[in-house]
Amino acid sequence: MHSELDNIYASATNKVADFVFDQKVAGVFNDMIRRSVPGYGQIINTIGDFASTYVTKNSTVYDLGCSLGAATLSIRRQIEQRQCKIVAVDNSKSMIERCSENLLAYVSDTDVELVCGDIRDIEFKNASMVVLNFTLQFLPIADRDTLINKIYQGMLPGGILVISEKLRFDDETIQVLLDKHHLDFKRANGYSELEISQKRSALENVMRPDTLSHHQHRFEKCGFQHFNVWFQCFNFASMVAIK
């Protein structure tokens, strides 16, 4: 998936606007996320591997906050001949348009339904797999429990939910340590201090991470039988919950 180099925050501005997934971001998103999220490629590949194990015949897969379709493509490569459908949802028209182009580049017998809309409005049915890849953290905190419960109700027994998130930590020493190493990761990937600072300001009001224990409590409350972190690098983690 080709994208241009991310230099959205390279020029100083008096007031940094809240981060939005607009056309500008969609154009550089692939570069932005790989330079900002440690282990992103590994997470995308493993989502496909989980799909090959958990997606059952004639079931539905939901990719919520699908952006450019990286997780959808990874899943689709692994579930040929299963007569499944993938429902890929994003509320950004620019993301959905680019996702559509990316999907057309690969031939597959698995139907993908692209939905430009709010993931909170989706009806979940017959789901063997649901993916929330760095999506839940952008929802208002009050809506997160409701969404996870709704997903759980629409999942088949044995279905898997994969959720990747930036984490926050109750332990301030750990928070400072992992924040520092994440910033070093971004610097090593070519981001300047100005870009790091301005992007942080842009995300401040729109991305509110939970703690790991908060995630676990939410899944247990909904009824998920199994939960664990399968990947973590600094303050980024990917988790699985199985019904």
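**Helix 8 and its surroundings**

I began at the end of helix 8, where Gly223 follows with a positive phi, near 115 degrees. The model is a predicted one, and I read every value below as computed from it.

I then listed the buried residues of helix 8: His215, Arg218, Phe219 and Cys222. They lie on the same side of helix 8, because the arc they cover around the axis is only 95 degrees. In general, an α-helix has 3.6 residues a turn, so residues three or four places apart point the same way.

Next I asked what covers the buried residues of helix 8. The cover includes helix 5, strand 5 (155–166), strand 6 (226–233) and strand 7 (236–242).

I took up helix 5 from that list. The axes of helix 5 (residues 141–153) and helix 8 (residues 212–222) come within 9 Å and cross at roughly 45 degrees. The crossing of helix 5 with helix 8 is right-handed. On the helix 5 side, the contact is made by Arg144, Asp145, Ile148, Asn149 and Tyr152. Helix 8 contributes Arg218, Phe219, Lys221 and Cys222. I sorted the residues of this contact by type and got 4 nonpolar, 1 polar and 4 charged.

Last, I looked up the totals for the chain. It holds 8 helices and 7 strands. Of its 243 residues, 52% are buried. Among contacts with a separation of 6 or more, 79% are between residues 24 or more positions apart.

Conventions. Residues are numbered from 1 along each chain as its sequence is written. This is a predicted model: local features need pLDDT of at least 70, side-chain atom pairs count only at pLDDT 80 or more; totals for chains, interfaces and linings use all residues. Side-chain values use heavy atoms; hydrogens and water are left out. Axes are lines fitted to C-alpha atoms, for helices over the stretch in contact, and angles run from 0 to 180 degrees between N-to-C directions. Helices (H or I, at least four residues) and strands (E, at least two) are DSSP runs, numbered from the N terminus. A crossing is left-handed if the near helix is turned anticlockwise from the far one by less than a right angle, and right-handed if clockwise. Contact means heavy atoms within 4.5 Å. Ala, Val, Leu, Ile, Met, Phe, Trp, Tyr, Cys and Pro count as nonpolar, Asp, Glu, Lys and Arg as charged, and the others, Gly among them, as polar. Buried means under 20% relative accessible area, exposed over 50%, partly exposed in between (1.4 Å probe, protein chains only). The arc is that of the directions from the helix axis to the C-beta atoms.
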